[in-house]
Amino acid sequence: MANEWGNETQVVAAIKRRILKVWPGSWVLKVAGGPYQEPGVPDLLVCVQGQFIGLEVKHQKPGESRQHALGRASVQQHEQIRRIWKAGGTADVVLDPDEAEQVVRVALLRAAPRLT
């Protein structure tokens with residue numbers, strides 16, 4: 001499914017559409033990197049039902065393995081993902097809307113009240 005999109009911009013747009021469709025009223029911000037931004041900030045910052053989620057999007061090129069595509073995330077990107085988890089949010093590297101939706105669902109499960 002990841003090869004369905006021609007480039008990373010298209011994958012990001014598809015992920016944004018999916019999140020807004022599944023969770024109407026959620027907030028999704030596409031981060032535009034630049035020289036004044038801290039390195040490694042995820043491509044999409046998301047808030048769904050009060051949960052903060054960072055999504056680092058990678059485009060899986062035709063013929064490229066999933067592992068190789070995921071492996072293109074930089075050290076700085078992995079560090080930001082680690083910091084988001086440490087702060088109580090959820091973050092991951094994703095290749096397509098299905099994976100992004102799964103990360104959001106994990107965030108919502110983490111926040112769900114536990115029955116004892």
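**Exercises on a predicted model**

Val11 is found in helix H1, where helices (H or I, at least four residues) and strands (E, at least two) are DSSP runs numbered from the N terminus. The model is predicted, so local features need pLDDT of at least 70, side-chain atom pairs count only at pLDDT 80 or more, and totals for chains, interfaces and linings use all residues. Residues are numbered from 1 along each chain as its sequence is written, and side-chain values use heavy atoms, with hydrogens and water left out.

**Exercise 1.** Determine whether Val11 is buried or exposed, and list its contacts.

*Solution.* Step one: the relative accessibility of Val11 is 0%, and Val11 therefore counts as buried (buried is under 20% relative accessible area, exposed over 50%, partly exposed in between, with a 1.4 Å probe and protein chains only). Step two: with residues up to four places away in sequence not counted, Val11 touches Trp5, Val57, His59, Leu95 and Asp96 (contact means heavy atoms within 4.5 Å). Step three: Val11 and Val94 are 83 residues apart along the chain, and their C-alpha atoms are separated by 9.6 Å.

**Exercise 2.** Describe how H1 packs with H4.

*Solution.* Step one: helix H1 (residues 8-22) and helix H4 (residues 97-111) pack at about 45 degrees, their axes 9 Å apart (axes are lines fitted to C-alpha atoms, for helices over the stretch in contact, and angles run from 0 to 180 degrees between N-to-C directions). Step two: the angle makes H1 oblique to H4 (under 35 degrees is roughly parallel, over 145 roughly antiparallel, 65 to 115 roughly perpendicular, the rest oblique). Step three: from H1, Ala14, Ile15, Arg18, Ile19 and Val22 meet Pro97, Asp98, Ala100, Glu101, Val104 and Arg105 of H4. Step four: these contact residues divide into seven nonpolar, no polar and four charged (Ala, Val, Leu, Ile, Met, Phe, Trp, Tyr, Cys and Pro count as nonpolar, Asp, Glu, Lys and Arg as charged, and the others, Gly among them, as polar).

**Exercise 3.** Characterise the loop residues Ser26 and Gln49.

*Solution.* Step one: Ser26 lies in the loop between H1 and strand S1 (27-30), and its relative accessibility of 12% counts as buried. Step two: a polar atom of the Ser26 side chain lies 2.8 Å from the backbone oxygen of Trp23. Step three: neighbours within four places in sequence aside, Ser26 is in contact with Ile19, Leu20, Cys47 and Val48. Step four: Gln49 belongs to the loop between strand S2 (44-48) and strand S3 (51-57); at 61% relative accessibility, Gln49 counts as exposed. Step five: although not a glycine, Gln49 has a positive phi of about 50 degrees.

Methods. A polar contact is a pair of N or O atoms within 3.5 Å; within protein, one must be able to donate a hydrogen and the other to accept it, and residues adjacent in sequence count only if both atoms are side-chain atoms.
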